[in-house]
Amino acid sequence: MAALLDKRLWIVSGKGGVGKSTIAAALALRSARAGRRTLVCEVNAQERISRMLGHEPVGPQITPLEENLWAVDVRPQEAMREYALMVLRFETLYKTVFENKVVRYFLRFIPSLQELVLLGKILFHAQEKRPDGKPLWDTIVMDAPATGHAITFLRVPQVLLQTVPPGPMSREALKMKDLLEDPAVTAAVLVSLPEELPVNETLELHTALRDQVRVRTHAAVLNATFPERFSEDDLEALVDQPELLQVARAHHARAAQTVLAQVKLERNLNVPVHRVPRIFTPNFDRSAIEQVMRHLESLVTGKEGP
Amino acid sequence: MNALSQALAHKRVLVSVGSGGVGKTTISATLALRAAVDGRSSLVCTIDPAKRLANALGLNALGNVEAEVPASAVEPLGITPRARLHAMMLDMKATWDELILRHAPADKREKILSNRFYQSLSSALAGSQEYVALEKLWELRNQRDYELIVLDTPPTAHALDFLEAPNRVLDFLDNEAARWLLTPALAAGKVGLSLFNLGGSYMAKTISKFTGTETLQELANFMLSIAPMNESFRERARGVRELLKAEQTGFVLVTSPGRERLDEVMHFHRLLQQNRMEVVAVVVNRVHPLPGPALWEEARGLLPTRRTKVEETLNEMTLLAEQDARGIAELQAACGSTPLIQVPRFELDVHEIGALWRTGRFLMGEELIPTPPPLLTSGGPE
């Protein structure tokens, strides 16, 4: 089984509400534990990852969380400023032009510019180098937007290449596209739930990533699964206690759905599907993330867990 | 009568909003179904390519035109709706094209439809889905005579996007700043001039460093060709804004009880109120009900191994119910007087008419979820 650790840019996506950020947080933590300098990026989000890991929200600056782990919330205004400064090189020029109210207003109409600078910032970090020429970050975990938005977001370089004539924006877009399409660097992890609609959406996302963005799916994570618990005998024995039977049946049905979902994902994605059981803790905190992380061991290292 | 059943009886437009994956489409369809059953002709306009929803409504597929839900689809309920129910699925690109075909001057249509900026605007530009959904709503409201239209909105990454996006697109189509920068060329109607002829301003030159000269030029061309439509865009936008604030319009906020969703829905609730848009109710979907004491009592009589399994399951159910209850209490505190309506998590996805009906019973307050007593929810290790 291929290790996720062999890739540098991990894109985590899936339908809304499937636990993307949880999985992104657990993956980032595992990468850091492997001794790799890891940056976890949220995209204009509510900074759930740093909080899940038991830290204060980090804001738009790259902030160290703990050993080998940094986090950032990539936001449009700051990303735009960084991008503009990179192109213009002069702070004063930036200030007179880009902090002009009318210009700011105008920039909002350049189609997809906002998405371009957000994605651009993340991909810029993916290309940053140390003085010795090695990449500054060993792992970048991108907590990408949910399904539909993820495709729009990741397709921005392509849309721009089709829309804008050659120039600074298109040069930037081309660099970004190359990086995303490089299977040696980039890998997508698709998060799903053992329910029909999320599974179908995962399959659609996989196809769209492959055909429209040319990003390869490395693995799927089936989140919040239920183990088999009640046997057919158990169900039969409860037949005279309809309410208990309903409780057992509901659990049984969810366990069956887990199996169905796994089979469907494996057959259609042709990648390993890693199960993460539903975690029952009163508060979904750091200890829950650590539990989730243990179930992702083989996904990250490529080796079967203990 | 709860808040939603009142809204179904009196509102003309209900807009269901919320982040992705919370069940907005199901809630929207259920609301329209209930209204039709109770005698108001209704239309549910959905965004998701929800084939399952179409099937649940007895339709092979939903398209960009309104289709009547056949009586046979509702038959299994043993109920005859007193009014007609329609459903449609919004096709974004088709709606944009229709808009251009209807409002652009004849000699500009082709030019607009083939412009690269238009193509990315109509299919890929973030925010254009939200814009076109509201456009369609405005059109349906003005040109059809449904007593109630339920609009299911695109799942926004951020609640804010839904309210902002239309303005963003509108600004793009009709913007003073661009006019200020590009005025000489626009006024002269000369397309194909170099950018330096365009405005020659310091601002334009610097921006072109950023975007490329030709990008600005192309954008100018697009704006020039779309300019004759500006007045009608503006007028429609005013209409949409008025419609959203109208007394006969209500918002239904849909969320799931998970912690990560709650911050967002509270934020959205505040925003809608600031914008003077009425939130009829917050629907908390897929709530885990609390297993009652009778179940625990009953479990005690089981054989030991079986009892262990059942009790383990009841324990898990209780934990989930308590988690949800904590979130809901927080949400209620943040939403003030807006009614909160809870719909339970059903064992399987809701995708057939019977399940839609059951969902409706909870929406209308005819059935309630057993929730943990407050003592359980306030304590617990934090």
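**Figure 1. The annotated domain of chain A in the predicted model.** UniProt, in an unreviewed entry, places the feature "domain: ArsA/GET3 Anion-transporting ATPase-like" at residues 9-161 and 174-232 of chain A. The structure shown here is a predicted model. Within residues 174-232 of chain A, 46% of the chain is helix and 27% is strand. The C-alpha atoms at the ends of this segment are 57 Å apart.

**Figure 2. The packing of helix α10 with helix α12 in chain A.** Helix α10 of chain A covers residues 196-213, and helix α12 of chain A covers residues 242-269. Their axes come within 10 Å and cross at roughly 10°. Because angles under 35 degrees count as roughly parallel, α10(A) is described as roughly parallel to α12(A). On the side of α10(A), the contact is made by A:Glu196, A:Val199, A:Asn200, A:Thr202, A:Leu203 and A:His206. On the side of α12(A), A:Gln257, A:Ala261, A:Lys264, A:Leu265, A:Asn268 and A:Leu269 take part. The residues of this contact comprise five nonpolar, five polar and two charged.

**Figure 3. The open sheet of chain B.** Eight strands of chain B form an open sheet with mixed pairing, in the order β3-β4-β2-β5-β1-β6-β7-β8. At the edges stand β3 (67-68) and β8 (340-344) of chain B; each has a single partner strand, so one side of each is left without a neighbour in the sheet. Strands of a sheet pair through backbone hydrogen bonds, in either a parallel or an antiparallel manner.

**Figure 4. A strand pair and a packed helix in chain B.** Strand β6 (residues 249-255) of chain B pairs in the parallel sense with strand β7 (residues 279-287) of chain B, over five bridges. B:Leu253 has B:Val282 as its bridge partner in β7(B). Helix α2 (residues 24-37) of chain B packs on the sheet. This helix touches β1 (13-17), β2 (42-46), β4 (85-89), β5 (148-152), β6 and β7 of chain B. The direction of α2 makes about 170° with that of β2(B).

**Figure 5. Two loop residues of chain A with positive phi.** A:Asn68 is not a glycine, yet it has a positive phi of about 65°. This residue is found in the loop between β3 (63-66) and β4 (69-74) of chain A. A:Arg214, also not a glycine, has a positive phi of about 60°. A:Arg214 lies in the loop between α10 and β7 (217-225) of chain A. Is A:Arg214 buried or exposed? A:Arg214 counts as exposed because its relative accessibility is 51%, and exposed means over 50%.

Key:
Residues are numbered from 1 along each chain as its sequence is written. Chains are lettered from A and ligands numbered from 1 in the order in which they are written. This is a predicted model: local features need pLDDT of at least 70, side-chain atom pairs count only at pLDDT 80 or more; totals for chains, interfaces and linings use all residues. Side-chain values use heavy atoms; hydrogens and water are left out. Axes are lines fitted to C-alpha atoms, for helices over the stretch in contact, and angles run from 0 to 180 degrees between N-to-C directions. Helices (H or I, at least four residues) and strands (E, at least two) are DSSP runs, numbered from the N terminus. Angles under 35 degrees count as roughly parallel, over 145 as roughly antiparallel, 65 to 115 as roughly perpendicular and the rest as oblique. Contact means heavy atoms within 4.5 Å. Ala, Val, Leu, Ile, Met, Phe, Trp, Tyr, Cys and Pro count as nonpolar, Asp, Glu, Lys and Arg as charged, and the others, Gly among them, as polar. UniProt positions are given in the numbering used here, feature names are shortened, and annotations may be inferred rather than shown by experiment. Two strands pair if DSSP finds at least two bridges between them. Buried means under 20% relative accessible area, exposed over 50%, partly exposed in between (1.4 Å probe, protein chains only).
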